[in-house]
Amino acid sequence: MAEKQYVFLKLAEEEYGIDILHVREIINYQETTKLPNTSNVIDGVINFRGNIIPVINLKKRFNYNETIVKENSKIIIVNMREINIGLIVDEASHISTLDEKDIEDSLETVEGMDQKYIAGIGRMNGKIVILLNLSEIISL
């Protein structure tokens, strides 16, 4: 069986996983520079090692009621298709490995649910973890 490593993060009380192959770095939250006429999920841009990168508020992307950035929030810098993008999360908790057998590919049984942001559902230590589909999350 194949194994994959994930960076686990929290939004409110929910735990999510991002394939570690796309994670470049995890940094403390820093104020963003707001951009006019952009999608409401884009918090703004930051200067990351001399590069200007857009930052997405994942709580806004997932339509959470509470979208305020906390003092101890993190920005996960991810790389998709040679583009760096920041994701604001409440917490980046740990890195762990999941075996393929512990991952469900889809939730076809849940009607009416928008699954485009979900790459799979993982089972880890008796808990369910939502594995994120980064290519959909960063498409605006």
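The questions and answers below go through strands, salt bridges, a cavity and backbone angles in a predicted model.

Student: What is the strand order of the open sheet of 5 strands?
Tutor: The pairing in this open sheet is mixed. Neighbouring strands are turned by 30 degrees against each other on average, direction ignored. The order is 3-6-7-5-4.

Student: Is strand 6 mostly covered or mostly exposed, and how many of its residues are buried?
Tutor: Strand 6 covers residues 74–80. Buried means under 20% relative accessible area. Strand 6 is mostly covered, and the buried count is 5 of 7 residues.

Student: How many bridges join strand 6 to strand 3, and how many join strand 6 to strand 7?
Tutor: Strand 3, residues 23–28, runs antiparallel to strand 6. Strand 7, residues 83–89, also runs antiparallel to strand 6. The counts are 5 bridges to strand 3 and 7 bridges to strand 7.

Student: Which residues stand opposite I77?
Tutor: I77 belongs to strand 6. On the strand 3 side, residues 23–28 pair with strand 6, and E25 stands opposite I77. On the strand 7 side, the residue opposite I77 is G86. The two names are E25 and G86.

Student: Which residue of strand 5 stands opposite N47?
Tutor: Strand 4 and strand 5 pair in the antiparallel sense. Strand 5 takes in residues 51–57, and the pairing runs over 6 bridges. Opposite N47 stands I52.

Student: Is E82 buried or exposed?
Tutor: The cut-off for exposed is over 50% relative accessible area. E82 is at 72% relative accessibility. E82 therefore counts as exposed.

Student: Where does N63 lie, and what is its phi?
Tutor: N63 sits in the loop between helix 1 (58–61) and strand 6. N63 is exposed, with a relative accessible area of 66%. Its phi is positive, in a residue other than glycine, and is near 60 degrees.

Student: How many salt bridges does a search of the whole structure find?
Tutor: Side chains of opposite charge can pair when their charged atoms come close. The cut-off is within 4 Å, nitrogen to carboxyl oxygen. The search of the whole structure gives 7 salt bridges.

Student: What parts does the salt bridge of D19 and K4 tie together?
Tutor: The closest N and O atoms of D19 and K4 are 3.3 Å apart. D19 counts as buried at 14% relative accessibility, whereas K4 counts as partly exposed at 41%. D19 lies in strand 2 and K4 in strand 1, so the pair ties together parts 15 residues apart in sequence. The parts are strand 2 (residues 14–19) and strand 1 (residues 3–11).

Student: How far apart in sequence are the parts tied by R123 and E104?
Tutor: The R123–E104 salt bridge has an N to O distance of 3.5 Å. R123 lies in strand 10 (residues 118–124) and E104 in strand 9 (residues 103–104), so the pair ties together parts separated in sequence by 19 residues.

Student: What is the volume of the largest cavity?
Tutor: The whole structure holds 2 cavities of 30 Å³ or more. Residues lining the largest cavity include L11, N57, I68 and D90. The volume of the largest cavity is about 50 Å³.

Student: How do the lining residues of the largest cavity divide?
Tutor: Among the lining residues are V69, I88 and V89, along with K59, T67 and S73. The lining divides into 5 nonpolar, 3 polar and 2 charged.

Definitions and conventions:
Residues are numbered from 1 along each chain as its sequence is written. This is a predicted model: local features need pLDDT of at least 70, side-chain atom pairs count only at pLDDT 80 or more; totals for chains, interfaces and linings use all residues. Side-chain values use heavy atoms; hydrogens and water are left out. Buried means under 20% relative accessible area, exposed over 50%, partly exposed in between (1.4 Å probe, protein chains only). Helices (H or I, at least four residues) and strands (E, at least two) are DSSP runs, numbered from the N terminus. Two strands pair if DSSP finds at least two bridges between them. A salt bridge is a side-chain nitrogen of Lys or Arg within 4 Å of a carboxyl oxygen of Asp or Glu. On a 1 Å grid over the protein atoms alone, a cavity is a set of points where a 1.4 Å probe fits but cannot get out, and a pocket is an open set with protein on both sides within 12 Å along at least five of seven lines; lining residues have an atom within 4 Å of a point. Grid points are joined across faces, edges and corners, and a volume is the space filled by probe spheres set on the points. Ala, Val, Leu, Ile, Met, Phe, Trp, Tyr, Cys and Pro count as nonpolar, Asp, Glu, Lys and Arg as charged, and the others, Gly among them, as polar. Axes are lines fitted to C-alpha atoms, for helices over the stretch in contact, and angles run from 0 to 180 degrees between N-to-C directions.
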